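Hello! Let's go through this structure by asking how each description was reached. Keep the model in view as you read.

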Amino acid sequence: MRTVLITGASRGIGAACAREFAEAGYRVALNYHRSEDQANALCAELTAQGCEAMTVQADVADSAAVTRMVDAVKERFGAIDTLVCNAGIAMQKLFTDTTDEEWSRMLSTDLSGAFYCARAVAPDMIRAHCGCIVNIASMWGEVGTSCEVAYSAAKAGLIGLTKALAKELGPSGIRVNAISPGVIMTDMMQSFSVEDVAALRDETPLCTLGTPGDIAHAAVFLASDNARYITGQILGVNGGMVI
């Protein structure tokens with residue numbers, strides 16, 4: 001049985017990924033930072049359905065915490081076969097108003113967090129000559145967007161990390177890909193007005209917005225044997241908004 005570690009798994013895209021991987025027969029390690037109650041509730045839900053699941057707290061921006069998290073998962077489930085780097089924060093703010101602390105926090109969470117997690121799981125994957133890493137990027141990392149400069153930069157870095165890591169780890173049988181979501185209806189959309197959401201929907205060629213499940217389906221596919229010859233790719237799940 002395979003084991004997946006999903007960061008930021010307490011809600012939204014992370015929770016949808018947890019449910020999808022559980023349905024696919026994985027043991028699921030649910031990482032959370034502050035949302036302990038939500039993570040525990042999801043763990044109980046998956047366990048009730050027959051999935052082996054656990055929760056593990058860590059701020060992915062803290063490399064030492066990431067090491068402890070990976071060690072805890074390995075102690076319970078053994079080697080981690082699949083890593084889904086989903087943990088992230090977003091911020092809408094003028095570039096000129098962004099503070100040093102906000103910039104640093106964005107990069108530490110959305111970019112460095114994925115680096116720390118990948119670095120922690122890679123040695124076991126290299127020894128086993130197999131493994132899969134899926135990073136959750138963003139279409140704004142591909143094309144950038146106004147008033148989200150820090151977020152766009154962090155996600156662009158994550159895309160670069162994905163491509164470079166795929167080349168470095170490929171000879172060890174490890175695949176590294178990223179999903180680049182479009183507008184997905186998660187908690188991050190709560191700050192948008194009804195009018196803004198409608199406008200985004202109208203701008204999307206498919207005339208509908210995405211769900212966390214759309215991203216979860218893509219993540220399970222990229223982790224599966226059906227994607228055995230796919231690495232270093234950025235899979236756009238965006239309804240056609242970025243082509």
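Q: What do the buried residues of α4 pack against?
A: In this predicted model, they pack against α3 (63-77), β4, β5 (131-136), α6 (149-169) and β6. Contact here means heavy atoms within 4.5 Å. Among the buried residues of α4 are Met-106, Thr-109, Tyr-116, Val-121 and Met-125.

Q: How do you know how the span of α4 relates to the one expected at 1.5 Å a residue?
A: Helix α4 covers residues 100-128, which is 29 residues.

Q: Where does α4 bend?
A: The bend is at Ser-112 and amounts to about 40°. A bend at a residue is the angle between axes fitted to the seven residues ending there and the seven starting there. After α4 comes His-129, which has a positive phi, near 60°.

Q: What makes Phe-115 and Tyr-116 an edge-to-face pair?
A: Two values matter, the distance and the angle. Ring centres must lie within 6.5 Å to pair, and planes over 60 degrees apart count as edge-to-face. The centres of Phe-115 and Tyr-116 are 5.9 Å apart and the planes are at 65°, so this pair is edge-to-face.

Q: How many aromatic pairs does a search of the whole structure find?
A: It finds two. Phe-21 and Tyr-26 also form an edge-to-face pair, with 4.9 Å centre to centre and 90° between the planes. Phe-21 and Tyr-26 are both buried.

Q: Why is Phe-115 called partly exposed?
A: Buried means under 20% relative accessible area and exposed means over 50%, with partly exposed in between. Phe-115 has 39% relative accessibility, so it counts as partly exposed.

Q: Is Ser-172 buried or exposed?
A: The cut-off for buried is under 20%. Ser-172 has 16% relative accessibility, so it counts as buried. This serine lies in the loop between α6 and β6. Leaving aside residues up to four places away in sequence, Ser-172 touches Met-125, Ile-126, His-129 and Cys-130.

Q: What is the order of the strands in the open sheet?
A: The seven strands run β3-β2-β1-β4-β5-β6-β7, with parallel pairing. From one strand to the next, the twist averages 20°.

Q: Why do β3 and β7 stand at the edges?
A: β3 (53-57) and β7 (234-237) each have a single partner strand, so one side of each is left without a neighbour in the sheet.

Q: How do you know that β6 and β7 pair?
A: Pairing needs at least two bridges, and β6 (residues 174-181) and β7 have four, in the parallel sense.

Technical notes. Residues numbered from 1 in each chain as written. Predicted model: local features only at pLDDT ≥ 70, side-chain atom pairs only at ≥ 80, totals over all residues. Heavy atoms only, no water. Helix = DSSP H or I, 4+ residues; strand = E, 2+ residues; numbered from the N terminus. Axes fitted to C-alpha atoms, helices over the stretch in contact; angles between N-to-C directions. Expected span 1.5 Å × (residues − 1). Buried < 20%, exposed > 50% of the residue type's maximum accessible area, 1.4 Å probe, protein only. Phe/Tyr/Trp six-rings, centres within 6.5 Å; stacked < 30°, edge-to-face > 60°.
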